[in-house]
Amino acid sequence: WRAGVVAHYESNLSRMVAMSRQAGVPVIVVLPPSNLADCPPFKSEHRTGFSSTDLEQFENSFQKARGLYSEDVSAAIAELKSALRRDDQYAAAWYELGQCYRTQGLATQAREALLRARDEDICPLRMISPLEQALKRIVAETETPWLDAHALLEADCRQKILGDKWLIDHVHPTIAGYQKIADALA
């Protein structure tokens with residue numbers, strides 16, 4: 001299903017660029033921002049074929065990690081990694097792992113985990129990585145100017161991970177965020 005959505009998005013974006021060009025309308029494509037730092041996944045589900053034993057072991061590690069956040073973040077990370085070895089599709093575990101990495105100042109690992117949390121969200125209301133890749137393919141193939149609004153806003157965030165500083169929710173910029181995007185477009 002997801003692959004079909006991505007293919008449909010890519011096809012529609014390609015058509016929009018072509019139709020705009022044909023009509024003589026200038027186009028700048030904008031890659032929208034996603035709140036990675038401060039927006040947990042909307043819905044997490046376990047992978048298909050998850051046995052009751054797997055679920056019990058996953059939940060034990062996941063709950064143990066939650067109990068360790070305030071006292072031993074390294075141990076919490078180990079428990080979350082253990083849970084994710086059992087099920088690497090559970091978005092909330094990736095999000096919490098990302099938050100633990102942020103607490104430890106491990107920005108690269110945090111960003112990777114938070115991106116994975118966004119991408120594994122069963123209710124993907126943010127721009128997932130395959131859609132970003134499709135957008136980048138279209139702008140490259142059509143030589144269309146574009147603005148990476150996510151990267152623009154993220155460059156000025158703590159640990160270079162976009163969050164509430166520039167976004168009021170999961171995707172919508174603050175007034176200052178919109179102004180920054182408008183300045184870059186201008």
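E96 and R66 are joined by a salt bridge, their closest N and O atoms lying 2.7 Å apart, where a salt bridge is a side-chain nitrogen of Lys or Arg within 4 Å of a carboxyl oxygen of Asp or Glu. This pair links distant parts of the chain, since E96 belongs to helix 4 (residues 91–103) and R66 to helix 2 (residues 52–68), 30 residues apart; helices are DSSP runs of H or I with at least four residues, and strands are runs of E with at least two, both numbered from the N terminus. E96 counts as buried at 13% relative accessibility, whereas R66, at 38%, counts as partly exposed; buried means under 20% relative accessible area, exposed over 50%, and partly exposed in between, with a 1.4 Å probe and protein chains only.

The model is predicted, so local features need pLDDT of at least 70 and side-chain atom pairs count only at pLDDT 80 or more, while totals for chains, interfaces and linings use all residues. Residues are numbered from 1 along each chain as its sequence is written, and side-chain values use heavy atoms, leaving out hydrogens and water.

The structure holds twelve salt bridges, and R118 takes part in one with D119, the closest N and O atoms being 3.2 Å apart. R118 also forms a salt bridge with E132, again with closest N and O atoms 3.2 Å apart. Because E132 lies in helix 6 (residues 129–142) and R118 in helix 5 (residues 107–120), this pair ties together parts that are 14 residues apart in sequence. R118 is buried, with a relative accessibility of 1%, and D119 is buried at 16%. Elsewhere, D88, R116 and E120 are linked in a network of salt bridges.
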